[in-house]
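Take a walk through this model, one stop at a time. Keep the sequence and the 3D view side by side.

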Amino acid sequence: MMNPTIIRLTARALLGRRRVLLLLPMPIILIGLTLLSVFSEERETPSDWGPLVFSNLGLAVILPLTALIVGSSALGLEIDDGTITHLITKPLPRSEIILSKLLVAWLVTTAATAVPLAVAALIAGSGPLAVGLVAGTALGGLAYSALFLALSVMTKRPVAVGLIYIVLWENLLVSFVDGARVFSIRQHATAIADAIGDTPLISSTLSVPTALVMASVFVVVGTVGATRRLRSFALTGEAN
C-alpha cells in the first residue's frame, strides 16, 4: 500500500527544501521558554509555566503549524511546480501515492514536535508527561497531516485555508463552544497526553475513546478525500 521510492523522494524533497527551515525556530522557542522559566530569577515552578508551554504553545501552535507546513508541502509543492505529472502518469494506485506522502508528513511532523515537547516535559521533571506528549503528538500529527495533505489537493491555497482552520476553529471557536472540542484535533492530542501524563500541567475534557475515534475519522476522511481528488487530476497536474 506504500511505495518506498515515493517515500524516499518525498522525504528528500521535504528535508532538502528551504521550507524545512521554517520548522527550526518553533522547537527552539519552546525549549528556550522552558529553560528561561526554569532558570528565571522568580524561580517559577512547572505549574506556573507548564500549561502555557505544553498546551497553549506546543499542542495549540507548534503541532498544527508544523503539520501545516509539512502536510501541505508533501504533495502541494509537486502540484505547484507541475512535477505531479511524473507521478500520475505512472501505473500507481492513487491511494499508494497518498499513503506514502502521508507517512512521510506524519513522521516529520511528529519528530519535529514530539522531541522538543518531550525534552520540555523532562526538564519539568515529568517522565510520564513526556511519554504522553509523544503519544498525543503522534495521534494529532497523523490527523493534522491527513487533513492538510487533503487540503493541498483540494485547494490552491492550502496554507491559507489551514491557517483559518487553526486560528478560527482550533483556537477560537473551541474556547467558547464546548461541543466544538469533539471536532478539534488539538483536543484529541491533549486528551491522550493528559491520560498518559496524569499531571495538572496539561488537562482535557475529552475522553480517550472519543479522542481516538474522532482523530481516526479525520485520518480516514482526509486520506480518502485526497485519494479521490488525486484521481481527478489530468496530465496537466490540475483537477478536471
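Where is the place of D198? D198 sits in a loop, the one between α9 (185-197) and α10. The model is a predicted one. At D198 the phi angle is positive, about 50°, although the residue is not a glycine. Is D198 buried or exposed? D198 is exposed, because its relative accessible area is 68% and exposed means over 50%.

Now turn to the annotated spans. The unreviewed UniProt entry carries the annotation "transmembrane region" for residues 20-40, 52-77, 98-123, 129-151, 158-177 and 206-226. Residues 98-123 are 100% helix and 0% strand. The C-alpha atoms at the ends of 98-123 lie 37 Å apart. Residues 129-151 are also 100% helix, with 0% strand. For 129-151, the end C-alpha atoms are 32 Å apart.

Next comes a pair of helices. Two packed helices are described by the angle and the distance between their axes. Helix α7 covers residues 127-154, and helix α10 covers residues 208-231. Their axes come within 8 Å and cross at roughly 25°. That makes α7 roughly parallel to α10, because angles under 35 degrees count as roughly parallel. The crossing of α7 past α10 is left-handed.

Which residues make this contact? From α7 come L139, L142, A143, A146, A150, V153 and M154. From α10 come A211, L212, A215, F218, V219, G222, T223, G225, A226, R229 and L230. Sorted by type, the residues of the contact of α7 with α10 are 14 nonpolar, three polar and one charged.

Two buried residues remain. Start with T34, in helix α2 (residues 25-38). T34 counts as buried because its relative accessible area is 0%, and buried means under 20%. What touches T34, leaving aside its neighbours within four places in sequence? The contacts of T34 are W49, V53, A120 and I123.

A121 lies in helix α6 (residues 94-123). A121 is buried too, with 0% relative accessibility. Again leave aside the neighbours within four places in sequence: A121 is in contact with F54, S126, L129, A130 and L133. Look at F54 in that list. A121 and F54 are 67 residues apart along the chain, yet their C-alpha atoms are separated by 8.0 Å.

Conventions
Residues are numbered from 1 along each chain as its sequence is written. This is a predicted model: local features need pLDDT of at least 70, side-chain atom pairs count only at pLDDT 80 or more; totals for chains, interfaces and linings use all residues. Side-chain values use heavy atoms; hydrogens and water are left out. UniProt positions are given in the numbering used here, feature names are shortened, and annotations may be inferred rather than shown by experiment. Helices (H or I, at least four residues) and strands (E, at least two) are DSSP runs, numbered from the N terminus. Axes are lines fitted to C-alpha atoms, for helices over the stretch in contact, and angles run from 0 to 180 degrees between N-to-C directions. Angles under 35 degrees count as roughly parallel, over 145 as roughly antiparallel, 65 to 115 as roughly perpendicular and the rest as oblique. A crossing is left-handed if the near helix is turned anticlockwise from the far one by less than a right angle, and right-handed if clockwise. Contact means heavy atoms within 4.5 Å. Ala, Val, Leu, Ile, Met, Phe, Trp, Tyr, Cys and Pro count as nonpolar, Asp, Glu, Lys and Arg as charged, and the others, Gly among them, as polar. Buried means under 20% relative accessible area, exposed over 50%, partly exposed in between (1.4 Å probe, protein chains only).
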